[in-house]
Amino acid sequence: MQIITILSLIIAIGETVAQTNPWDPQPGDGALWQVEHQILVDQTRRHGAEERIIFVGDSLTQFWLILGAPVWAIHYTPRHAYNYGIGGDMTQNVIFRIQNQEFDGLQPVVTVLMIGGNNFWHTNDTVADVAHGTQEIVNELLAKMPTTKIILLGNIPASIPGLNEKLQQHTALISKLANDRNVYFLDMWSHFLDTNQSQNLNLYISDGVHLNELGYQ
Ligand SMILES: *[C@@H]1O[C@H](CO)[C@@H](O)[C@H](O)[C@H]1NC(C)=O
Ligand SMILES: *[C@@H]1O[C@H](CO)[C@@H](O)[C@H](O)[C@H]1NC(C)=O
């Protein structure tokens, strides 16, 4: 797992991907993605019954196990949390994973979802289309795991030209998916700003996109 996640740390940065509708299932590119997907299917088969909290998303979720490992170990391992992040994932890739056994039979109390940034980073997807993809993920997660409560995390700022406006618009759209019954929205953006309301780079690694240990804290 460790070697694979480090490999995907390298691959997730600057990757280009085939363009498909953000709400249609699509596997990620390459053999490594298939391996990571299979590892997560196996994680579900082996640990499904103990999984109380699951985190679903892209590299920001996955790298919690590497760049944020001490934080994960202190706060989440004791709570029976399991990580379902795959670096580079867009909304359509998560939909493929839901439809291909990753979450079959799970009954976590809480499902934390953070997704969408890679759609804006790697494609010209519109904000509305990515929000549509995000809504599809929420719907399909609830169909697979009817008793879970979903905590939908808003996006965080990134040092990529032109990206932040789209990330904020996406966040505003998906915040409306909250129903205070089984879908809750949590703002992240404000926590990653400094006192001047600029991106707080102290919380990021040098690419200005991924978080360091302090950021995961
Ligand atoms: C996005 O649009 C720009 C400008 O039209 C184009 O140059 C670029 O190739 C497009 N990117 C993708 C991934 O389609
Ligand atoms: C905020 O802006 C002021 C004035 O430009 C600057 O001196 C200060 O260092 C900035 N603070 C942070 C946290 O970047």
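Modeller: Helices (DSSP runs of H or I, at least four residues) and strands (runs of E, at least two) are numbered from the N terminus. This is a predicted model, in which local features need pLDDT of at least 70 and side-chain atom pairs count only at pLDDT 80 or more, while totals for chains, interfaces and linings use all residues. Residues are numbered from 1 along each chain as its sequence is written, chains are lettered from A and ligands numbered from 1 in the order in which they are written, and side-chain values use heavy atoms, with hydrogens and water left out.

Colleague: Which residues does UniProt assign to a domain?

Modeller: UniProt positions are given in the numbering used here, feature names are shortened, and annotations may be inferred rather than shown by experiment. Here, an unreviewed UniProt entry places the feature "domain: SGNH hydrolase-type esterase" at residues 55–217.

Colleague: Which residues lie nearest the centre of the largest cavity?

Modeller: Of its 18 lining residues, Asp58, Leu60, Gly117, Asn118 and Val209 lie nearest the centre. Helix 3 (59–62), helix 6 (117–122) and helix 8 (163–175) each supply at least two lining residues, and helix 6 has the largest share, three residues. For classes, Ala, Val, Leu, Ile, Met, Phe, Trp, Tyr, Cys and Pro count as nonpolar, Asp, Glu, Lys and Arg as charged, and the others, Gly among them, as polar. The lining of the largest cavity has 11 nonpolar, six polar and one charged residues.

Colleague: Is Leu60 buried or exposed?

Modeller: Buried means under 20% relative accessible area, exposed over 50%, and partly exposed in between (1.4 Å probe, protein chains only). Leu60, which is in helix 3, is buried because its relative accessibility is 15%. Leu60 and Tyr216 are 156 residues apart in sequence and 9.2 Å apart in space, C-alpha to C-alpha.

Colleague: What is the volume of the largest pocket?

Modeller: The largest pocket has a volume of about 380 Å³. Its lining comprises 21 residues, and those closest to the centre are Trp64, Tyr76, Leu153, Met188 and Tyr216. Among the elements that give two or more residues to this lining are helix 4 (69–75) and helix 9 (213–216), whereas strand 3 has the largest share, three residues. The lining has 17 nonpolar, four polar and no charged residues.

Colleague: Which residues have the most contacts inside the largest nonpolar core?

Modeller: In soluble globular proteins, nonpolar side chains tend to be buried together. A nonpolar core is a set of buried Ala, Val, Leu, Ile, Met, Phe, Trp, Tyr and Cys residues joined through side-chain atoms within 4.5 Å. The largest core here has 25 residues, and Ile54, Tyr84, Phe103, Leu113, Ile137 and Leu141 have the most contacts inside it. Elements that each supply at least two residues of this core include strand 1 (53–57), strand 2 (81–85) and helix 7 (127–144); helix 7 gives the most, with five residues.

Colleague: How many salt bridges does the whole structure have?

Modeller: Side chains of opposite charge can pair when their charged atoms come close. A salt bridge is a side-chain nitrogen of Lys or Arg within 4 Å of a carboxyl oxygen of Asp or Glu. The whole structure has four. Among them, Arg45 pairs with Asp42, the closest N and O atoms being 3.7 Å apart. Both lie in helix 2 (residues 30–47), three residues apart, about one turn of the helix. Arg45 is exposed at 57% relative accessibility, while Asp42 is partly exposed at 27%.

Colleague: Which residues are linked in a network of salt bridges?

Modeller: Asp89, Arg97 and Glu102 form that network. Asp89 meets Arg97 with the closest N and O atoms 2.9 Å apart, and Arg97 meets Glu102 at 2.9 Å, N to O. Asp89 is buried, with a relative accessible area of 0%; Arg97 is buried at 0%, and Glu102 is buried at 0%.

Methods. On a 1 Å grid over the protein atoms alone, a cavity is a set of points where a 1.4 Å probe fits but cannot get out, and a pocket is an open set with protein on both sides within 12 Å along at least five of seven lines; lining residues have an atom within 4 Å of a point. Grid points are joined across faces, edges and corners, and a volume is the space filled by probe spheres set on the points.
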